[in-house]
Amino acid sequence: MNTNIRHPWEMHCHSHASDGVLSPQAVYDRAKDAGVSNLVLTDHDTAAGYRALRDQGELTDDLRLWPGAELSSLWLGRNIHIVGIGMDVDSEAWLGVEQRYIKAREQRFERLLFVLRRAGLDMDESAIRAEAGDALPGRPHIARFLVSTGQAKDSAQAFKRWLGTGKVGDVKQGWPALEQAVADIRDCGGKAVLAHPHRYKLTWRKLDQLIDDFQDAGGEAIEVCCPAMPSQMRERLVNSCCERDLLIGGGSDFHQPDTPWARLGWYPQWPSQGKRLVDALVA
Ligand code: AMP
Ligand code: MN
Ligand code: MN
Ligand code: MN
């Protein structure tokens, strides 16, 4: 069984600059209250929330804020997420990366509207954009719209029926290849971390192949300490990291309050073997 404990580092979480529910400041305040001392804000495909918080937020010396993002990518037709930590998110190179994702997300949103309407759903584009607010539209915003209009019972059902892997709304076109996402992070001075490997429903063989390709591309760490990862997989990944000299990462993937399975700053304890990503970040 998984026992999550409270950590001083949170390296994977979302604000309403992407599909999280809280403002970047509210995420920061919540992290402070949870006793976190280092917070990496990893919104999907953008560091806009980080920049706003850094420039206009109320920050304290007790809680260090780090730049980050979780990039969408494609690997063998699958949607794989790569967390980047420590990029220079004011650089021209990074702002160019964000621009590419803005385009990709807009194009995908158009396609999502089309396929979901064709599937018989009532899609009110402006209501969904309002749901997204300042964020680029993503599937969770559509899920919330479907719930608010009574077309789905809850977000989980919206994903199960329409938006999740293999369903009509599983539109992946437009995301860059995994190699490109890793290069984008590294070129901007960040460390690339393979996000939540348990979420891809891969066989062990395919997972090994993914890790090989990720490391060949320049990836440096794997999220091993994730709240919902089966412990058998965690043990396997710890061994993989030790064998391949990859760093061991983790984080809650917090998106909103009231999700006891993803509390900010809570995830399984670090394994006794292996090199930790947190140590490499402060080195
Ligand atoms: P997108 O960035 O538009 O591709 O949407 C992916 C996001 O949807 C993930 O980051 C999660 O926040 C959310 N998500 C994925 N699968 C599910 C699910 N089965 N139930 C609820 N939310 C999900
Ligand atoms: Mn998300
Ligand atoms: Mn993710
Ligand atoms: Mn995430």
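**Ground rules.** The model is predicted, with local features needing pLDDT of at least 70, side-chain atom pairs pLDDT 80 or more, and totals for chains, interfaces and linings using all residues. Residues are numbered from 1 along each chain as its sequence is written, chains are lettered from A and ligands numbered from 1 in the order written, and side-chain values use heavy atoms, without hydrogens and water.

I looked up the strand order. Six strands form an open sheet, ordered 5-6-7-8-9-11, with mixed pairing. Strands here are DSSP E runs of at least two residues, helices H or I runs of at least four, both numbered from the N terminus. Strands pair if DSSP finds at least two bridges between them. Strand 5 (68-75) and strand 11 (275-276) are the edges; each has a single partner strand, so one side of each lacks a neighbour in the sheet.

**Strand 9.** I then followed strand 9 (residues 247-250), which pairs with strand 11 in the parallel sense over two bridges. Ile248 stands opposite Arg276 of strand 11. Strand 8 (residues 221-225) also pairs with strand 9 in the parallel sense, over four bridges. There, Cys225 has Gly250 as its bridge partner. Both faces of strand 9 are covered: Leu247 and Gly249 on one side, Ile248 and Gly250 on the other, are all buried. Buried means under 20% relative accessible area, exposed over 50%, partly exposed in between (1.4 Å probe, protein chains only).

**Manganese, ligand 2.** Which protein atoms hold this ion? I found Asp19 (OD), Asp19 (OD), His44 (NE2) and His255 (NE2), 2.1 to 2.8 Å from it. Donors are N, O and S atoms within 2.8 Å of the metal (3.2 Å for Na, K and Ca); water is not among the atoms, so sites may look incomplete. The manganese ion (ligand 3) is 5.4 Å from ligand 2. His44 sits in the loop between strand 3 (38-40) and helix 2 (48-56), and His255 in the loop between strand 9 and strand 10 (266-268), so the pair ties together parts 211 residues apart in sequence. His44 is buried, at 9% relative accessible area.

**Ligand 1.** I listed what surrounds ligand 1: among them are Asp19, His44, His255 and Phe159. A residue counts if one of its heavy atoms lies within 4 Å. An oxygen atom of ligand 1 is 2.8 Å from a side-chain N or O atom of Arg105. For the side chain of Arg108, the distance is 2.4 Å. Arg139 brings a backbone N or O atom 2.8 Å from a ligand 1 oxygen.

Terms used:
Polar contact = N/O pair within 3.5 Å; in protein donor to acceptor, adjacent residues only side chain to side chain.
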